[in-house]
Amino acid sequence: MTKLEFKKISIIGLGLIGTSILHAIDAKKKEGVTTFAYDMNSKHRDIVSEMKIATFVCDEIHDAIKDADLVILAIPVGSMKSIAISIASSLKESAIVTDTGSTKSSVINDVIPYIPKSVNFIPSHPLAGTEYSGPKSGFSSLFENRYWLIICDKETNETKKLASFFTNLGSIVETVTAEYHDKILAITSHLPHLIAYTIVGTASDLETDLKNDVIKFSASGFRDFTRIAASDPTMWRDIFLNNSDAVLEMLQRFNEDLSDLQKAIRKKQGQKLHSFFSRTRSIRKKIIEAGQN
């Protein structure tokens, strides 16, 4: 039986991440831990109730958070401000509030002004996910051996406690600043998704016969892009709107590299192409060596 650092935990948002957290807590066979779950979608609440992965599934958000020692906002980043305003008056003194959003500067700006000073808001982000969404998509091992980033300038007793909780869910925990996080995610997650959506969108605009054959004869590369492009459109709309500066900076760099490759292909510069592909191949090797494949 695993000891968890919080006795009363509230999960707001019952999609892939929220339900995976509930599954992971439930899998620890926790002793004396009570979980409260809430989602604005009543169908999601009904599904989680049927799965019996939460102690209580609440119909009102205030009931879900009023007694919680830890509140996790597993919701789209575009919803952070309205939820922060909604829960502010019901949060317990000295409670810790965290989130799982893929952008951090925007979340901090949307949440901090409304959270009482007696409550500890510590932004965080699990670098884990799939292309699936909804309460049935969660599973207990989602966070195992995946990084969970805590956003802070210095460690405190509260950040250490939160880090220990994430570690017990199977994650590798590191701390970074909000600005650094947003730049890292712009290149490692946000830009790849933007490219995937674009490539699959281009395929969908082809003439009917050609489009049908693209689908019929899809090679592994295109299939990988379609997997990424199948991700939750609401979540990704909010990410691009809320991390636009960092995404646009990385997109500019990408466009410059793409332009260089276009010239190399046009001018038949085989050595330049080979050197570029050799350099990028080594990145894949390093990712595998780091256990993040």
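1. Two strands are taken to pair if DSSP finds at least two bridges between them, and helices (H or I, at least four residues) and strands (E, at least two) are DSSP runs numbered from the N terminus. On that basis β1 and β4 run parallel and are joined by four bridges, with Ile12 standing opposite Leu73 in β4.

2. This is a predicted model, in which local features need pLDDT of at least 70 and side-chain atom pairs count only at pLDDT 80 or more, whereas totals for chains, interfaces and linings use all residues. Residues are numbered from 1 along each chain as its sequence is written, and side-chain values use heavy atoms, with hydrogens and water left out.

3. Strand β4 (residues 70-73) also pairs with strand β5 (residues 96-99), in the parallel sense and over four bridges, and here Ile72 has Thr98 in β5 as its bridge partner. Between the two strands the chain passes through helix α4 (residues 80-87), and this β-α-β crossover is right-handed; the term means that, with the strands pointing away from the viewer, the path from the first strand over the helix to the second runs clockwise. Both faces of β4 are covered, since Leu70 and Ile72 on one side and Val71 and Leu73 on the other are all buried, where buried means under 20% relative accessible area, exposed over 50% and partly exposed in between (1.4 Å probe, protein chains only).

4. A separate point concerns the open sheet of three strands, which has the order β7-β8-β9 with mixed pairing. Its edge strands are β7 (124-126) and β9 (172-176), each of which pairs on one side only. From one strand to the next the twist averages 20°, the axes being lines fitted to C-alpha atoms, for helices over the stretch in contact, and the angles running from 0 to 180 degrees between N-to-C directions. The pairing of β7 with strand β8 (residues 147-151) is antiparallel and extends over three bridges, and within it Ser124 has Ile150 of β8 as its bridge partner.

5. His125 deserves a look in the viewer. This residue lies in strand β7 and is buried, with a relative accessible area of 7%. Its side chain is joined to that of His181 by a polar contact of 2.9 Å, a polar contact being a pair of N or O atoms within 3.5 Å, of which, within protein, one must be able to donate a hydrogen and the other to accept it, while residues adjacent in sequence count only if both atoms are side-chain atoms. Leaving aside neighbours within four places in sequence, the residues in contact with His125 include Asp99, Thr100, Lys104, Trp148, Leu149 and His181, contact meaning heavy atoms within 4.5 Å.

6. Leu149, in strand β8, counts as buried at 7% relative accessibility. Not counting residues up to four places away in sequence, Leu149 touches Pro123, Ser124, His125, Leu127, Glu174, Val176 and His181. Leu149 and Ala178, 29 residues apart in sequence, are 10.0 Å apart in space, C-alpha to C-alpha.

7. A search of the whole structure finds seven aromatic pairs. The rings of Phe6 and Phe165 have centres 5.7 Å apart and planes at 80°, so this pair is edge-to-face; rings of Phe, Tyr and Trp (its six-membered ring) pair if their centres lie within 6.5 Å, and planes under 30 degrees apart count as stacked, over 60 as edge-to-face and the rest as tilted. This pair links distant parts of the chain, with Phe6 in the segment before β1 (8-12) and Phe165 in helix α6 (residues 157-168), 159 residues apart. Both Phe6 and Phe165 are buried, and ring pairs link Phe6, Phe143, Trp148, Phe165 and Phe166 into a cluster.

8. Trp236 and Phe240 form a tilted aromatic pair, at 5.7 Å centre to centre and with 40° between the planes. Both residues lie in helix α10 (residues 233-242), four residues apart, about one turn of the helix, and Trp236 counts as buried at 6% relative accessibility.

9. Two backbone angles may be checked as well. Lys52, in the loop between α2 (42-51) and β3 (56-57), has phi near 60°, a positive value in a residue other than glycine, and is exposed, with a relative accessible area of 65%. Ser94, in the loop between α4 and β5, has a positive phi of about 75° although it is not a glycine, and counts as exposed at 51% relative accessibility.
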